[in-house]
Amino acid sequence: MDVIRLLAIRDTPLSVDEVLAAVGDHAAGGTTLFVGTVREQDQGKPVTRLSYSAHPTAEAELRAVAEKVAADFPVTALAAVHRVGDLGLGDIAVVVAVAAPHRDEAFRASRRLIDDLKAQVPIWKHQEFTDGATEWVGAGE
C-alpha cells in the first residue's frame, strides 16, 4: 500500500477527521497532526479576511513534496490537504498528518511536510487588513 494516502487542494471546508483517518496504520507507533487556521492578525496587523489561490500545477507539486518526505523518512502513512477560496477567521486552511513507527520520525516528517508544502507548492494567500491594506503571500514566502 502506498504511504501517500490523501493529497488534495479543495475549495470546500477541510475535515481533520478525514485526514487523521487517512493515516491510520497499525504499524505506526506515532501519528502527528498539524492544523493551520486563519488567525486574526498577521505581523501585528488585524486581518479581516483572506483568500487562497492555487496554480494548476499545485496538486502535482504537492505530490512531489509528499514523495520526497516519504523517501526521506520511514513513514507508514502521510496526508496533506489545503483549502483554496475565501476563508474566515478560524477556518481551517491546511491539514497534514504523518504516521511513523516512532514519534520522533512522525514529528520530523510532519514538520518537513508542512514546511516544504508552504515553501514549494504554488498556493498564494491574499490578506485584507482592517486598515484597507492588502497583501499577497505565497510559496517561498
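## Ground rules

Since the model is predicted, local features need pLDDT of at least 70 and side-chain atom pairs count only at pLDDT 80 or more, while totals for chains, interfaces and linings use all residues. Residues are numbered from 1 along each chain as its sequence is written, and side-chain values use heavy atoms, with hydrogens and water left out.

Helices (H or I, at least four residues) and strands (E, at least two) are DSSP runs, numbered from the N terminus.

Let's start with α2, which covers residues 58–72. The expected span of a helix is 1.5 Å times one less than its number of residues.

Which residues of α2 are buried? They are Ala58, Leu62, Val65, Ala66 and Val69; buried means under 20% relative accessible area, exposed over 50%, and partly exposed in between (1.4 Å probe, protein chains only). These residues cover an arc of only 95° around the axis, so they sit on the same side of α2; the arc is that of the directions from the helix axis to the C-beta atoms. An α-helix has 3.6 residues a turn, so residues three or four places apart point the same way. On the face turned away from the buried side, you'll find the exposed residues Ala60 and Ala71.

The cover over the buried residues of α2 includes β1, β4, β5, α3 and β8, where contact means heavy atoms within 4.5 Å.

## The open sheet

Four strands make an open sheet in the order β1-β5-β7-β2, with mixed pairing. Two strands pair if DSSP finds at least two bridges between them. β1 and β2 stand at the edges with a single partner strand each, so one side of each has no neighbour in the sheet.

β2 and β7 run antiparallel, joined by eight bridges. Valine 35 has valine 95 in β7 as its bridge partner.

Histidine 126 lies in β8 and, at 18% relative accessibility, counts as buried. Among the residues that histidine 126 touches are Arg49, Leu50 and Trp136.

Seven bridges link β8 to β4, and the two run antiparallel. β8 also pairs with β9 in the antiparallel sense, over four bridges. β8 and β9 form a hairpin with four residues between them, and glycine 132 in the turn has a positive phi of about 95°.
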